[in-house]
Amino acid sequence: MLRRGVFRSTTDLRDRILTFIDYYNDTMAKPFKWTYASRPLNV
């Protein structure tokens, strides 16, 4: 995303990053399933 990118301003950079975050969340992000099979944690 940022490597070899040419950005005209910080606003352009911000917009590109936010666009990528939206794309990533819609297409590639998956919930993580926590597993713990040992003794209970002391909190």
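Colleague: Which residues make the nonpolar surface patch?

Modeller: Bear in mind that this is a predicted model. The patch is made by Leu-2, Ile-17, Leu-18, Phe-20, Ile-21, Tyr-23, Tyr-24 and Met-28, and it covers about 700 Å². To join such a patch, a nonpolar residue needs over 30% relative accessible area. Tyr-23 has 46%, Tyr-24 has 36% and Phe-20 has 35%.

Colleague: Is Tyr-23 buried, partly exposed or exposed?

Modeller: The general idea is a scale with two cut-offs: under 20% is buried and over 50% is exposed, with partly exposed in between. Tyr-23, at 46%, is therefore partly exposed. Tyr-24 also counts as partly exposed, at 36%.

Colleague: And what share of the residues of the whole chain counts as buried?

Modeller: Of its 43 residues, 0% count as buried. The chain exposes about 4,800 Å², and carbon and sulfur atoms supply 56% of that area.

Colleague: Where does Tyr-23 lie?

Modeller: Look in helix α1, which covers residues 10–27. Tyr-24 lies in that helix too. The chain has 1 helix and 0 strands, and its C-alpha atoms fill a box of roughly 55 × 25 × 15 Å along the principal axes.

Colleague: Now the rings, please. How many aromatic pairs does the structure hold?

Modeller: There are 2 aromatic pairs. One of them joins Phe-20 and Tyr-24, with centres 6.2 Å apart and 40 degrees between the planes, and it is tilted. In general, a pair of aromatic rings is described by the distance of the centres and the angle of the planes.

Colleague: How far apart are Phe-20 and Tyr-24 in helix α1?

Modeller: They are 4 residues apart in helix α1, so about one helical turn separates them. The other pair is Phe-32 with Trp-34: their ring centres are 5.0 Å apart and their planes stand at 75 degrees, so this pair is edge-to-face.

Colleague: Are Phe-32 and Trp-34 buried or exposed?

Modeller: Phe-32 has 62% relative accessibility and so counts as exposed. Trp-34, at 76%, is exposed as well.

Colleague: What separates the C-alpha atoms of Tyr-23 and Trp-34?

Modeller: A distance of 25 Å, with the two residues 11 apart along the chain.

Technical notes:
Residues are numbered from 1 along each chain as its sequence is written. This is a predicted model: local features need pLDDT of at least 70, side-chain atom pairs count only at pLDDT 80 or more; totals for chains, interfaces and linings use all residues. Side-chain values use heavy atoms; hydrogens and water are left out. Helices (H or I, at least four residues) and strands (E, at least two) are DSSP runs, numbered from the N terminus. Buried means under 20% relative accessible area, exposed over 50%, partly exposed in between (1.4 Å probe, protein chains only). Accessible areas come from the Shrake-Rupley method with a 1.4 Å probe; for residues, only the protein chains shown count as cover. Patches are made of residues with over 30% relative accessible area and no salt bridge: like charges are joined within 9 Å, nonpolar side chains (Val, Leu, Ile, Met, Phe, Trp, Tyr) within 5 Å. A salt bridge is a side-chain nitrogen of Lys or Arg within 4 Å of a carboxyl oxygen of Asp or Glu. Rings of Phe, Tyr and Trp (its six-membered ring) pair if their centres lie within 6.5 Å; planes under 30 degrees apart count as stacked, over 60 as edge-to-face and the rest as tilted.
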